[in-house]
Amino acid sequence: MNHPTTEAGERSGAPAGAGEGPQVAYVYALGRAGAALEGAAARLTGVRGGALRTVTAGTLAALVSSVPADAFSEEGMKAQLGNLAELEEIARAHHAVVEAAVGSATVLPMRLATVYLDDDRVRSMLDERGAEFDARLSLLEGHAEVGVKVYADPRAAAGPPPPDTPDPAAPPVSPGRAYLQRRRAQRRTHRDAYRAAGAVAEEVRDRAAALARDRVVHRPQQGELASGPGENIANEAYLVPADRLRDFRRAVSAAAEGVPGVHVEITGPWAPYSFATPPAVEGGSS
């Protein structure tokens, strides 16, 4: 999860939301102004059930809702980071808006908890970085993000254990030597599985490069975040033309065919978070 980006260092006069007290403008995504974003804003609700609206500057528009200034100031967000249930609720609402908007238009998703003092500050951001955002929207047009992870699983590479029935013709092996032989075999299997996974990861990149427009390398995931079997050794996102998604999946998944102990996980299509540009921070933290 991204750390919050906030500009709510003081109270604001953003349009009132569902709550009481001063409000700030929470930005979910940017896109080109027009009926597509207007329609998305009309049918969606945002964080804490707030009504969505569009804030427009020139040819660009932002999907925005109002949220309490005290809860989404830098200090307020630090407090919410300690409340996992509340943070998860914010994240779910944020991503639901972005995913729904992607179904209607090409958008740049904003980082979680990106807030501005008011709508005028949102317009200024759109004006100041309009050329950059326009170029990024052109890059994303007609594309989707696809996640690709490569896993090394030495246990799968080892296969089933050999039968316990000894070979009568074989010379006897002491328990100590048998243990050392098993350990050497395990180390060899472990080493070979990681070498094979590295080779598959390179093959994945070569195959994906022929079909994707852009690539972003993420840190391999560990623990509960790593959903596949074994250890995640490669975690990348690709920007793929929408009409080549099936070809991309077929080509990338084939890289691990017939390679024991290596698994390729393909997810998506997703909103293009990895390829979006977050707004500049004027006085908050990220």
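Predicted model: local features only at pLDDT ≥ 70, side-chain atom pairs only at ≥ 80, totals over all residues.
The protein chain contains 8 helices and 9 strands. Of its 286 residues, 43% are buried. Among contacts in the chain with a separation of 6 or more, 80% are between residues 24 or more positions apart. The accessible surface of the chain is about 15000 Å², and carbon and sulfur atoms account for 51% of that surface.

In soluble globular proteins, nonpolar side chains tend to be buried together. The largest nonpolar core in the model comprises 27 residues. Within this core, the residues with the most contacts are Tyr-26, Tyr-28, Val-47, Leu-52, Leu-63, Val-67 and Phe-72. Two or more core residues are contributed by each of β1 (23-32), α1 (35-43), β3 (60-68) and α3. Helix α3 supplies the largest share, 6 residues. Another core, of 23 residues, lies apart from this one and includes Val-148, Tyr-238, Ala-251 and Ala-256.

The surroundings of Leu-63 were examined with residues up to four places away in sequence left out of the count. On that basis, Leu-63 touches Tyr-26, Val-27, Tyr-28 and Ala-29, as well as Leu-37 and Ala-41. Its contacts also include Leu-52, Arg-53 and Thr-54, together with Val-97 and Ala-101.

Helix α3 spans residues 84-102 and has 19 residues. The distance from its first C-alpha to its last is 27 Å, close to the 27 Å expected at 1.5 Å a residue. Its buried residues are Leu-87, Ile-90, Ala-91, Ala-93, His-94, Val-97, Val-98 and Ala-101. Viewed down the axis of α3, these buried residues fall within an arc of 165°, so they line one face of the helix. Leu-84, Ala-85, Glu-89 and Arg-92 are exposed on the other side of α3.

Side chains of opposite charge can pair when their charged atoms come close. The model has 12 salt bridges, counted with a cut-off of 4 Å between the side-chain nitrogen and the carboxyl oxygen. One of these involves α3: Arg-48 pairs with Glu-86, with the closest N and O atoms 2.8 Å apart. Because Arg-48 lies in the loop between α1 and β2 (53-57) and Glu-86 in helix α3, the pair ties together parts that are 38 residues apart in sequence. Arg-48 is partly exposed, with a relative accessible area of 42%, and Glu-86 is partly exposed at 24%.

A salt bridge also joins Arg-32 to Asp-134, whose closest N and O atoms are 3.1 Å apart. Arg-32 belongs to strand β1 and Asp-134 to helix α5 (residues 130-140), so this pair links parts that are 102 residues apart in sequence. Both partners are partly exposed: the relative accessible area is 32% for Arg-32 and 30% for Asp-134.

Arg-215 and Glu-236 form a salt bridge with an N to O distance of 3.0 Å. Since Arg-215 lies in strand β7 (residues 214-218) and Glu-236 in strand β8 (residues 231-241), the pair ties together parts that are 21 residues apart in sequence. Arg-215 is partly exposed, with a relative accessible area of 40%, whereas Glu-236 is buried at 5% relative accessibility. Through salt bridges that share partners, Arg-215 and Glu-236 belong to one network with Glu-202 and Arg-205.

Terms used
Residues numbered from 1 in each chain as written. Heavy atoms only, no water. Helix = DSSP H or I, 4+ residues; strand = E, 2+ residues; numbered from the N terminus. Expected span 1.5 Å × (residues − 1). Buried < 20%, exposed > 50% of the residue type's maximum accessible area, 1.4 Å probe, protein only. Arc of directions from axis to C-beta. Core = buried A, V, L, I, M, F, W, Y, C linked by side-chain atoms within 4.5 Å. Contact = heavy atoms within 4.5 Å. Areas by Shrake-Rupley, 256 points an atom, 1.4 Å probe, with all protein chains shown as cover.
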